[in-house]
Structures are given as C-alpha cells and as structure tokens.
Amino acid sequence: MQQSFWKKSGLIKNSTIFTYWAKFNHYDGFKAGDYSLSPSMTLSDIVNSLQNGLNKATEGQIVIKEGDDIDDIATSFDKNGKFKKQDFLDLVNNKDFIKKLAEKYPNLLNGLIDRNNLRYLLEGYLYPASYDIFSYSKLEDIVTTMVDKTNQEMTPFYDQIKSQNKTVHDVLTLASLVEKEGVSDNDRAKIAGVFDNRLDQGMTLGTDISVLYALNQHKTMLSIDDTKVDSPYNLYQNKGIGPGPFAMPSESSIKAVLNPADRDQSYLYFVADLKTGKVYYSKTYDEHIATNTSLGQQN
C-alpha cells in the first residue's frame, strides 16, 4: 500500500512522519491483501492489522453520535452483540483500566479516578466517531481507541485550557451541556456565555439536561418534582457544573466553552422555540418569562 493512498484516504496525516515512525518502531513485514481500515483506528491498530493479516472484514461498528452518553454507547455495544452491555459499563468504571489510560494520556485523564460522584468515569471522554469492530477486537482496545481519539482532538486545546485556568474535565463537562442545549455554532457560543454569566453570579445553571441525566430518563417535559431529584448532577438544586460530563461533546461545543460569546450582554436566560429551534436570550427573569409566554411554552 503506497503512502500517498494512506494520506488521501485520511488514514494518516503525514506520510513522511509515518514512514519515520514505522521505521523507528521497527514495523515491517506487512502482509498483502484487502483490508478495511478506518481513520478512527490508531496507527498501532493499523500496523497490527497489516502485520498479522487481520482486519479483512469488520464485525460491525460502534457509532458514537455527538451528544450520546455512556448508556447510549452501551446500547450500541449490546446491539452489535460481540460484547456484553454490562461488560462495557463495568469497563468505563474500572479504576485499574482507567489508571493505565491516564498514564498513557496524562493531559486528558490526570486526576480522573480521584473525582467523586461520577456515574461513569469515562463519560465525556469517548469521542463521537465511528469505530470498527473486528474479529480480533478486544473491548479494552476499542475503548482505548475511543479515548485516544478524544486525546487527539483535545490536544490543540490543552494550552488554551491551561491559560484559562480551567481543567479538561470542567471544559468537557460544560461542553456536554452546551452540546445538548445548542444546535448551531453561534448558539452554542452564546449559551456557553449564559452559563458563564450565571456561574459568575453564583446562580444555578438550571438546565433540564442535568435533571434528565440525574433521573437517567428520556423525557420531553419535566415536572416540578423532577427538578427536585436528589442528585449531584441536578443543576436546578446544585450550584456549579456538576460532577462531570453529561454526554460526549463535539469539537464545536468545546470551542464554545473556550470562546463564549456575548459575555458583555449579560444574558442570564435562554429558551429555544420548540417549533423553529430559534434561541432567545434574556437578561432578566421577567424578560425570560415574557418570552416563554409569547412562545406558548412553559418556563
């Protein structure tokens, strides 16, 4: 397989660097044949396939969509059938496994296993993408590939996160809320600004997304009792951003958190028109109620 093909297909970004990397690690003896390779695979995965004559046919894919959470991904594993749903759920909370990952990806996972009240330790750390499953695949390797992909995508932001005195965990947490609340890049940046304004004023974020996660349910409407659920993830009742991510955020939402818009406008509320998707922003609670009333929606 020629290096130019690898680059054009998106399997590698730089053929020269790959050549030096392969030689440095003494990778050779690639076996000829037809292979199914994916950009979501790590270089080690690709090389392993070519050296051992593997990966000539997939056994399906695990597709993580932007905004999916761990339970959604577990359902995908269950539907695929190669791995048990519960084995995946156990693995994403396995501290020994995650400690090894943290040693490999310290910028991404440093201190994660020491955090409290997390439903799933790797919630928010499995990047939205398609991941091929092969006959030789091991569950640990697939999850590692997902984390590796997150590390690759987060690398350009590590310096900016540090310069803003934020942590990767907090950025992913807030980005996961922005992901679920906004659709367009513009609205995500504005919603991130609203969240920051509320945090600056010591207000709760009051986001329905947090309550749904706390309830571990999918509902279109919340009741008053729902917003009182006893959970550290309930941001109606608890100040701050919660213990950790609520879902898998996209790059767009991560950028929004790092570059929030309209901070000078002092918006503290927002509501989306359920019919059109347009988002309206308000500075006061009275304005927010008036907007809800005009839209014919509950506040």
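**View 1. The buried residues of helix α12 pack against helix α10.** In this predicted model, local features need pLDDT of at least 70 and side-chain atom pairs count only at pLDDT 80 or more, while totals for chains, interfaces and linings use all residues. Residues are numbered from 1 along each chain as its sequence is written, and side-chain values use heavy atoms, with hydrogens and water left out. Helices (DSSP runs of H or I, at least four residues) and strands (E, at least two) are numbered from the N terminus. Helix α12 spans residues 208-215, and seven of its eight residues are buried, so the rest of the structure largely encloses it. Buried here means under 20% relative accessible area, with a 1.4 Å probe and protein chains only. The residues in question are I209, S210, V211, L212, Y213, A214 and L215.

View 2. S176 is buried, its relative accessible area being 0%. Leaving aside residues up to four places away in sequence, S176 touches P245, F246, A247 and P249; contact means heavy atoms within 4.5 Å.

**View 3. Helix α10 meets helix α13 in a right-handed crossing.** The axes of α10 (residues 168-181) and α13 (residues 251-258) come within 8 Å and cross at roughly 115 degrees. That makes α10 roughly perpendicular to α13, a label given to angles of 65 to 115 degrees. Axes are lines fitted to C-alpha atoms, for helices over the stretch in contact, with angles running from 0 to 180 degrees between N-to-C directions.

**View 4. Now for the side of each helix that makes the α10 and α13 contact.** From α10 come V171, L172, L174, A175, V178 and E179, and from α13 come S253, I254, A256, V257 and L258. By class, the contact has nine nonpolar, one polar and one charged residues. Ala, Val, Leu, Ile, Met, Phe, Trp, Tyr, Cys and Pro count as nonpolar, Asp, Glu, Lys and Arg as charged, and the others, Gly among them, as polar.

**View 5. Stepping back, the protein chain has 14 helices and four strands.** Of its 299 residues, 46% are buried. Among contacts between residues at least 6 apart in sequence, 61% join residues at least 24 apart.

How values were computed: Parallel < 35°, antiparallel > 145°, perpendicular 65-115°, else oblique. Left-handed = near helix turned anticlockwise from the far one by under 90°. Buried < 20%, exposed > 50% of the residue type's maximum accessible area, 1.4 Å probe, protein only.
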